[in-house]
Amino acid sequence: MTSLTRVAPRRTRVGLVAGGLGAYWPQFPNLLPQLRKSATRVSERLGAIGDIDVVDVGFISDAQEGAAAAEKLRVAGCDLIVGFLTTYMTASMLVPVAQRSGAPVLLINLQPTEKMDHDTFDTGAWLAYCGACPLPEMANAFRRAGVEFRSVSGYVEDERAWARITRWVRAAGVRGALRHGRHGLMGHLYPGMLDVSTDLTSVSAQLGGHVEVLELDDLRVRVERVTDAEASARMELAREVFELDSSVVDEDFAWGAKVSVGLDRLVEDFAIDSLAYYHRGLDGEQHERLGAGMILGASLLTARGVPAAGEYELRNSLAMLIMDRLGAGGSFTELQALNFVDGVVEMGHDGPAHLAISARRPLLRGLGVYHGKRGWGVSVEFDVRQGPVTLLGLGQERDGRYVVIASEGTVVPGPLLRIGNTTSRVDFGRDPGEWTDEWSASGVDHHWALGTGHHAASLRCVAELLGLEFREVRSGS
């Protein structure tokens, strides 16, 4: 692996079924061709979202065709089923689709244009605008059948509606990434961090996917096989990606590069989509050196779409994965200090960082000591890009339920620490002390993922599709 090429993410599979009441077709011969044209356009726009495979089962006109479509979509294993209500249709046509697929359902009502032409429209022309009519019927029938759903109404080229549809598709992609993901957990819990300890069964039960328990020796044997030439090539890559501070010791840099190559092989061999790790070690022995040599390689992995979090923070590596799949980056973050003069919350963390959210070329800094940890080596330092950001934490309640917790703010300029951490000054538009108290009381761990852009609305969709509670600590703006 000689570049920062992203690991190809799992593609989102979206099922599409469009329909209308077949009794209309002989009565209004021009209606069905118009509705099929709209259905084709919807299929095109879904496919243009990116990293999407559309399973289009065509147009249905009655309950029998609906049942056949349901079976096709069940076999396809979709992440989201989109039911396009082109005109009136009975609930019996779509309820089987929702029941059999096992996937979340999005009902869309997109009429051809913004409004009807009342002076020229006859009944057949009106019926092409009648997709809203069956929506309450579908909603009622779905509720009575115990099927969760959500809906978007608009018109075919309505960009506001398509923004909402895209949000649901992206959220379904996140759900799919979690349900099909393999999440590595290597080492042991940082002693005493009771908030970050996670019951591994709860991950599979609530999010899906698999937690692969790794030994540090799984990494050790791979690092031992790294050749000098491979380590040198990784150092060259690091020089391209990072600015090297004068504090970097050549021996530590070479070791971090060697561990980085070994990490790549670990991820490949175990097909890992995310990773959380920690090992304490003692007196410079090999496991301590491995644990201390992770930051360079883990940051490069995170930049490539395989998020890695230190301190054994499994739920944080999952939060980082969610943010990455939403295109927001997602860096390992915690509170640093409050600035009551400037009204900002200062946050960041040592260890792995998502290079995509850096305001500048990231820096490799040499550290003789990692605060609160054993070992020494190189660490990644950068300032988060100024502008809107979103925090995402995955909390866990007393009864074991996960909670999706988010807050939106803005990174603003100002002085920052230069200690080998990712750092940011976040303005939440309110007193930093009050925000900190509310954020801490939300149920969040003391770590979270920080990503660029405002994504609370998308995270609310993710939480709904996962069946989890969503909590937002709001800004004052």
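**Notes on the predicted model**

1. Phe-428 is buried, at a relative accessible area of 2%. Here buried means under 20% relative accessible area, exposed means over 50%, and partly exposed lies in between, with a 1.4 Å probe and protein chains only. Trp-435 likewise counts as buried, at 0% relative accessibility.

2. On the basis of the note: this is a predicted model, in which local features need pLDDT of at least 70 and side-chain atom pairs count only at pLDDT 80 or more, while totals for chains, interfaces and linings use all residues. Residues are numbered from 1 along each chain as its sequence is written, and side-chain values use heavy atoms, with hydrogens and water left out.

3. Aromatic pairs. The whole structure holds eight aromatic pairs. Rings of Phe, Tyr and Trp (for Trp, its six-membered ring) pair if their centres lie within 6.5 Å; planes under 30 degrees apart count as stacked, over 60 as edge-to-face and the rest as tilted. Tyr-24 and Trp-25 form an edge-to-face pair, because their ring centres are 6.5 Å apart and their planes stand at 70°. Tyr-24 is buried, with a relative accessible area of 15%, and Trp-25 is buried at 15% relative accessibility. Phe-428 and Trp-435 are stacked, with 3.9 Å from centre to centre and 10° between the planes. Ring pairs also join Phe-428, Trp-435, Trp-439 and Trp-448 into a cluster.

4. A charge over a ring. The charged end of Arg-150 sits over the ring of Trp-168, at 5.3 Å from its centre. The criterion is that NZ of Lys or CZ of Arg is within 6 Å of the ring centre and within 35 degrees of the ring normal.

5. Helices (H or I, at least four residues) and strands (E, at least two) are DSSP runs, numbered from the N terminus. Two strands pair if DSSP finds at least two bridges between them. Strands of a sheet pair through backbone hydrogen bonds, either parallel or antiparallel. In this model, five strands form an open sheet with parallel pairing, in the order S2-S1-S3-S4-S5. Strand S2 (52-60) and strand S5 (150-155) each have a single partner strand, so one side of each is left without a neighbour in the sheet. On average, neighbouring strands of this sheet are turned by 20° against each other, direction ignored. Strand S1 (residues 12-19) runs parallel to S2 and is joined to it by seven bridges; Val-14 has Val-54 in S2 as its bridge partner.

6. Axes are lines fitted to C-alpha atoms, for helices over the stretch in contact, and angles run from 0 to 180 degrees between N-to-C directions.

7. An enclosed strand. Why is strand S9 (residues 274-278) described as largely enclosed by the rest of the structure? The reason is that five of its five residues are buried. Ser-274, Ala-276 and Tyr-278 point one way from S9, whereas Leu-275 and Tyr-277 point the other way. Strand S6 (residues 182-187) pairs with S9 in the parallel sense over five bridges, and Gly-184 stands opposite Leu-275. Strand S10 (residues 308-309) also pairs with S9 in the parallel sense, over two bridges; there, Ala-309 is the bridge partner of Ala-276.

8. A covered helix. Helix H13 (residues 295-303) is mostly covered, with nine of its nine residues buried. Among them are Ile-295, Gly-297, Ser-299 and Thr-302. Just after H13, Gly-305 takes a positive phi of about 95°.

9. Cysteines. How many disulfides are counted? The count is zero, where a disulfide is a pair of cysteine sulfur atoms within 2.5 Å. Cys-130 is in no disulfide, and its nearest cysteine sulfur, that of Cys-133, is 4.2 Å away. Cys-133 is in no disulfide either. Cys-130 is buried at 7% relative accessibility, whereas Cys-133 is partly exposed at 45%.

10. An exposed residue. Thr-201 lies in helix H8 (residues 200-206) and is exposed, with a relative accessible area of 57%.
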